[in-house]
Amino acid sequence: MIIGNEKDVTEAVLKEYQRIENPRLREIVAALIRHLHGFAREVKLTEEEFQAAIGYIVALGKHTTATHNEAVLMSGSLGFSTLICLLNNGNRGQTETDANLLGPFWRMDSPPTKNGDSIVRSPTPGAVLFVDAWFRDTKGMPIQGAEVDVWHSSTEGFYENQDPVQADMNLRGKFTTDKAGHISFRSVKPAGYPIPIDGPVGALLRAAGRHNMRPAHLHFLVYKPGFKTLISQIYDPLDKNIDTDVQFGVTQHLIGNYIKHDEACTRAPDVKPPWYSIEHSFVVESGTARLPKPPITGKAHGERPQIPHLEAV
Ligand SMILES: [Fe+2]
């Protein structure tokens, strides 16, 4: 159709994309057009602002490399990743859920590790942490034989795939749940870490006077056919950024019960106090077991990256 005025544009575009055969894709594209056009009308977007927005999208791509995914960071920084997670889990948002953000650092082939073993694979400073986790179905029955990937950052705030100093697969492991649906492992207590701010995400955080820290957390990915793959994180309630996570990932249900021990350690004689333990029970919903695509695939080389900290205003 020939466009006569600004109102005609939306109608013309919607009409053209009605021809998409796949009904779900047709629904998504139509809603995207309506909301995108509605957004421009609502804020009366100027031509300069439109150019800036295009530049922002280009910058998301340019800042994405084999070891960094700026689009994942932006989605998290806008709370969009958490919204998608909560809309799609916990009986589609009806009940509490242990599901949480995947984040960019998951790797496909974590080393199989026996229950009780350590995931510290190269010298890593920090207090010792023992983790016990149980995995149950929605009826409370233990899930045996699930594969559980575990990964977390070092106390210096780096995952091994972004940190050339750490051994390959340091602070990662793949465990298998036993009859009680249980896994356990030894590691070091993770620290919170800054997200990179040299791209468009940094510009947005500065504009809003936000800091760029994620509170300390452990990541889990639970895979067993017959169950919806559970992606989760357990957060440290004593982290000073627990209620201002730059990625909006912290949910009430995923606050961990870290216990600090000042007594001698009975679990391993080499451990000096203080040491920490954490226990957590996860509920895994029924559904289709599907592994995500790793957001990054590269491993950092050369110097350890320097990621500046932004102070919140
Ligand atoms: Fe993380």
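**Entry 1: how H1 passes H2**

I looked up the crossing of H1 and H2 in this predicted model, and H1 passes H2 in a right-handed crossing. I then turned to the axes, since two packed helices are described by the angle and the distance between their axes. H1 covers residues 6-17 and H2 covers residues 23-43. I found that their axes come within 9 Å and cross at roughly 170°. H1 is therefore roughly antiparallel to H2, as angles over 145 degrees count as such.

**Entry 2: the residues where they meet**

I listed the residues on each side. From H1 I noted Glu-6, Lys-7, Val-9, Thr-10, Val-13, Leu-14 and Tyr-17. They meet Arg-26, Val-29, Ala-30, Ile-33, Arg-34, His-37 and Arg-41 in H2. Sorted by type, the residues of this contact give 7 nonpolar, 2 polar and 5 charged.

**Entry 3: Thr-97**

I went on to Thr-97, which sits in the loop between helix H6 (90-93) and strand E1 (128-136). Is Thr-97 buried or exposed? Its relative accessible area is 11%, so Thr-97 counts as buried, the cut-off being under 20%. A polar atom of the Thr-97 side chain lies 2.9 Å from the backbone nitrogen of Ala-99. Setting aside neighbours within four places in sequence, I found Thr-97 in contact with Leu-86, Asn-89, Gly-90, His-253 and Glu-285.

**Entry 4: the whole protein**

Last, I checked the overall figures. The protein has 7 helices and 10 strands. Its C-alpha atoms fill a box of roughly 80 × 45 × 30 Å along the principal axes. Of the 313 residues, 45% count as buried. Among contacts with a separation of 6 or more, 74% come from residues 24 or more positions apart.

Notes
Residues numbered from 1 in each chain as written. Predicted model: local features only at pLDDT ≥ 70, side-chain atom pairs only at ≥ 80, totals over all residues. Heavy atoms only, no water. Axes fitted to C-alpha atoms, helices over the stretch in contact; angles between N-to-C directions. Helix = DSSP H or I, 4+ residues; strand = E, 2+ residues; numbered from the N terminus. Parallel < 35°, antiparallel > 145°, perpendicular 65-115°, else oblique. Left-handed = near helix turned anticlockwise from the far one by under 90°. Contact = heavy atoms within 4.5 Å. Nonpolar A, V, L, I, M, F, W, Y, C, P; charged D, E, K, R; others polar. Buried < 20%, exposed > 50% of the residue type's maximum accessible area, 1.4 Å probe, protein only. Polar contact = N/O pair within 3.5 Å; in protein donor to acceptor, adjacent residues only side chain to side chain.
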